[in-house]
Amino acid sequence: MDVRVSIIIPSYNTSAYIVRCLDSVAAQTFSGLECIIVDDASSDGTPEKIRRFIADYTGPVAFRLVAHDTNTGVSAVRNAGTKLATGEFIYYMDSDDQITPDCIRSLVALADRYPGVDFVQSNARVLPAGHTQYWAKKGGITEYVEGNENIRKLFSRTDGQFPPFCWGKLVARRYVDKYGLDFLEGIIHSDQLWTFHLVEHAEKMAVTLEPSYLYHVVPGSITTGSPNARKYDAWRVLTEKIFASATPVPDFQRKYFYKRFSRVVLSSDITGMEPRVLQDWIALIEGQLIPAARQRGCRGEVRALKFMLFLRRHNMTWMRVLYSHIMRRMF
């Protein structure tokens, strides 16, 4: 069988959801699929459920389980799966989510319709019903987007048009290899940095508004868990890496990230954490972001960053709320 698409699924203690996820892969109407599940040393029986599923499955999808003996983190697991992939395209999933039966078929059809696309972006539906569906909303989106600036602008829109996550994207393997698109290990939320690098060089992108990815809101997951030092440390590393990018960050994209990290720095949650978390953020702003803005001649940006530090240091709660509101309105 010629493999056109490699589906990569990291799993860790998702025994309650993994069969549901794999069932959705098995139900795909597209042939030429391999599915690589990399388990990160689960302790709840997840690998055993995967093995039973594969043993009982008799369909055309080439399922494969790679079970790690020690926990290495979701970034390392995704990187391991990417190295094993043999398909022309790569598609990442989370083990507690699903895809619709025609998901891969519809995405590959777009890739074939527009030869040379770097990636295809799908829409998503959030489950259970009632949660905000904040990406790929209709309006001003075309099926084919060409030009790096146009693609970057779509992913910098503050109305949440496109998700900064690795799932729901059919990515050309040649593009992954050319630009070394791996996941930064040792932090959570690394797919947001991965998405930044995905669009950093992209010249051709296709889009479908049909929701083929089913995103399940699961209590206690990395995304929905309560704020903690790991999340704030991750955002600091992401901010540092993005602004230290080898390619210039356009003004519109820089403003987008300013909006996002300002909410982190000014959040009341950071007040109750160990002092090091806030100190590291202050060091990043003073030592890198302000000098970089000053070097670009962006005096307004310098003033905004200094004012942010002033509010943070003096713990002026009501002013921080007002400032965050202004930042959202501006950007």
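Let's start with tryptophan 194, which lies in helix α7. Helices here are DSSP runs of H or I with at least four residues, strands are runs of E with at least two, and both are numbered from the N terminus. Keep in mind that this is a predicted model: local features need pLDDT of at least 70 and side-chain atom pairs count only at pLDDT 80 or more, while totals for chains, interfaces and linings use all residues. Residues are numbered from 1 along each chain as its sequence is written, and side-chain values use heavy atoms, with hydrogens and water left out.

**Around tryptophan 194**

- Tryptophan 194 is buried, with a relative accessible area of 2%; buried means under 20%, exposed means over 50%, and partly exposed is in between (1.4 Å probe, protein chains only).
- Leaving out residues up to four places away in sequence, tryptophan 194 touches Tyr92, Cys166, Lys169, Val171, Leu181, Asp182 and Phe183, where contact means heavy atoms within 4.5 Å.
- The C-alpha atoms of tryptophan 194 and phenylalanine 165 are 7.9 Å apart, although 29 residues separate the two along the chain.

**Aromatic pairs**

- The model has 13 aromatic pairs. Rings of Phe, Tyr and Trp (its six-membered ring) pair if their centres lie within 6.5 Å; planes under 30 degrees apart count as stacked, over 60 as edge-to-face and the rest as tilted.
- Tyrosine 92 and tryptophan 194 make an edge-to-face pair, at 5.7 Å centre to centre with 85° between the planes.
- Tyrosine 92 sits in strand β4 (residues 89-92) and tryptophan 194 in helix α7 (residues 190-200), so this pair ties together parts that are 102 residues apart in sequence.
- Tyrosine 92 is buried too, with a relative accessible area of 1%.
- Phenylalanine 183 and tryptophan 194 form a stacked pair, 5.3 Å centre to centre and 10° between the planes.
- That pair links distant parts of the chain, 11 residues apart: phenylalanine 183 is in the loop between α6 (173-179) and α7, and tryptophan 194 is in helix α7.
- Phenylalanine 183 counts as buried, at 2% relative accessibility.
- Arginine 78 lies over the face of phenylalanine 183, at 5.4 Å from the ring centre. The rule for a charge over a ring is NZ of Lys or CZ of Arg within 6 Å of the ring centre and within 35 degrees of the ring normal.
- Ring pairs also link Phe165, Trp167, Tyr213 and Tyr215 into a cluster.

**Nonpolar cores**

- The largest nonpolar core has 64 residues, and Val5, Ile7, Tyr91 and Ile104 touch the most other members. Such a core is a set of buried Ala, Val, Leu, Ile, Met, Phe, Trp, Tyr and Cys residues joined through side-chain atoms within 4.5 Å.
- Helix α4 (residues 103-113) gives the most to this core, with 6 residues.
- A second, separate core of 34 residues includes Leu238, Val249, Met273 and Leu278.

**Helix α1**

- In helix α1 (residues 18-26), the buried residues are Ile18, Cys21, Leu22, Ser24 and Val25.
- Looking down the axis of α1, these residues fall within an arc of 155°, so they line one face of the helix. The arc is taken from the directions from the helix axis to the C-beta atoms.
- Among the elements covering them are β1 (5-11), β2 (33-39) and α2 (46-56).

**Serine 11**

- Serine 11 is found in strand β1 and is buried, with a relative accessible area of 2%.
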